[in-house]
Amino acid sequence: MTTRTKILAGMILGAAWSVALIWIGSAQVNIPPFSRIVIAPFFALAPGLVIVLMVGWIAARRFWSSELIDGAAPAPGSPAEIDQRVLRNTVEQAVIALCLWPPLSFLLLDDGLGVVMALSVNFAAARLLFWAGYHIAPPLRAFGFAATFYPTVLALAWALILRLG
């Protein structure tokens with residue numbers, strides 16, 4: 001199996017996961033509409049915790065490494081450099097999510113809160129799978145990437161179709 005085939009398989013699994021996640025998240029959540037204002041900021045908690053974990057891990061790695069403690073760049077392809085790539089991608093994904101999830105929670109009306117709550121919890125799990133997959137074998141990161149990115153894009157497409165269609 002080629003690298004491209006492995007990545008494609010991860011993308012397809014991530015897409016299937018995305019559909020299932022949004023379907024599960026769209027189950028009716030009985031929370032009064034005014035409560036959204038109170039709950040919405042907590043959507044950022046899972047992405048924030050994952051980023052804190054990654055930054056802490058990289059800081060600890062630097063502290064315990066004679067080569068990295070003085071701020072030197074990690075060797076290309078090293079575990080430390082992979083961690084930095086994962087952190088960079090996770091921050092990119094968090095920016096996308098945190099720009100789109102609040103409007104999604106309102107555009108999807110009654111289903112929106114459940115969908116965004118599912119997206120938030122999924123974010124943490126998918127990012128950890130992305131991180132682990134990257135360290136095990138780079139093609140394995142495809143599922144974690146797809147399972148983070150695709151659900152937000154799919155939910156946005158669904159919301160726009162519902163509101164504009």
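Two residues are in contact when heavy atoms of one lie within 4.5 Å of heavy atoms of the other.

**Figure 1. Overview of the predicted protein chain.** The model shown in this figure and in the close-up views is a predicted one. Among contacts between residues at least 6 apart in sequence, 76% join residues that are at least 24 apart. The protein chain contains six helices and zero strands, and its pattern along the sequence reads α-α-α-α-α-α. Taken along the principal axes, the box filled by the C-alpha atoms is roughly 55 × 40 × 20 Å. The chain has 165 residues, of which 37% are buried. Its accessible surface comes to about 9200 Å², and carbon and sulfur atoms account for 76% of that surface. The side chains include 10 positive and 7 negative ones, and the centres of these two sets are 7 Å apart.

**Figure 2. Close-up of a nonpolar surface patch that includes M11.** Which residues make the nonpolar surface patch of about 270 Å²? The patch is formed by L8, M11 and I12. M11 belongs to helix α1, which covers residues 3-25. The relative accessibility of M11 is 32%, so this residue counts as partly exposed.

Figure 3. I24 is a residue of helix α1. Is I24 buried or exposed? Its relative accessibility is 53%, and because exposed means over 50%, I24 counts as exposed. A126 is 102 residues away from I24 in sequence, and the C-alpha atoms of the two residues are 16 Å apart in space.

**Figure 4. Close-up of the salt bridge between R61 and D83.** The structure holds two salt bridges, and one of them joins R61 to D83. The closest N and O atoms of this pair are 2.8 Å apart. D83, at 2% relative accessibility, counts as buried.

**Figure 5. Close-up of the salt bridge between E81 and R85.** In this salt bridge, the closest N and O atoms of E81 and R85 are 2.4 Å apart. How many residues apart are E81 and R85 in helix α4? They are four residues apart, which means that about one helical turn separates them. E81 has a relative accessibility of 18%; because buried means under 20%, E81 counts as buried. R85 is partly exposed, its relative accessible area being 25%.

**Figure 6. Close-up of P79 and the residues that it touches.** P79 lies in helix α4. With a relative accessibility of 42%, P79 counts as partly exposed. Which residues does P79 touch, not counting those up to four places away in sequence? They are R61 and H135. R61 is also a partner in the salt bridge with D83. P79 and H135 are 56 residues apart in sequence, while their C-alpha atoms are 7.0 Å apart in space.

**Figure 7. Close-up of A94 and its contacts.** A94 is found in helix α4. The relative accessible area of A94 is 5%, and this residue is therefore buried. When neighbours within four places in sequence are left aside, A94 is in contact with P47, I51 and F123. The view can also be used to locate A159, which is 65 residues from A94 along the chain. A distance of 19 Å separates the C-alpha atoms of A94 and A159.

Figure 8. L98 is a residue of helix α4. At 38% relative accessibility, L98 counts as partly exposed.

How values were computed
Residues numbered from 1 in each chain as written. Predicted model: local features only at pLDDT ≥ 70, side-chain atom pairs only at ≥ 80, totals over all residues. Heavy atoms only, no water. Helix = DSSP H or I, 4+ residues; strand = E, 2+ residues; numbered from the N terminus. Buried < 20%, exposed > 50% of the residue type's maximum accessible area, 1.4 Å probe, protein only. Areas by Shrake-Rupley, 256 points an atom, 1.4 Å probe, with all protein chains shown as cover. Lys, Arg positive; Asp, Glu negative; His and termini not counted. Charge placed at Lys NZ, Arg CZ, Asp CG, Glu CD. Patch = residues over 30% accessible without salt bridge, like charges linked within 9 Å, V, L, I, M, F, W, Y side chains within 5 Å. Salt bridge = Lys/Arg side-chain N within 4 Å of Asp/Glu carboxyl O.
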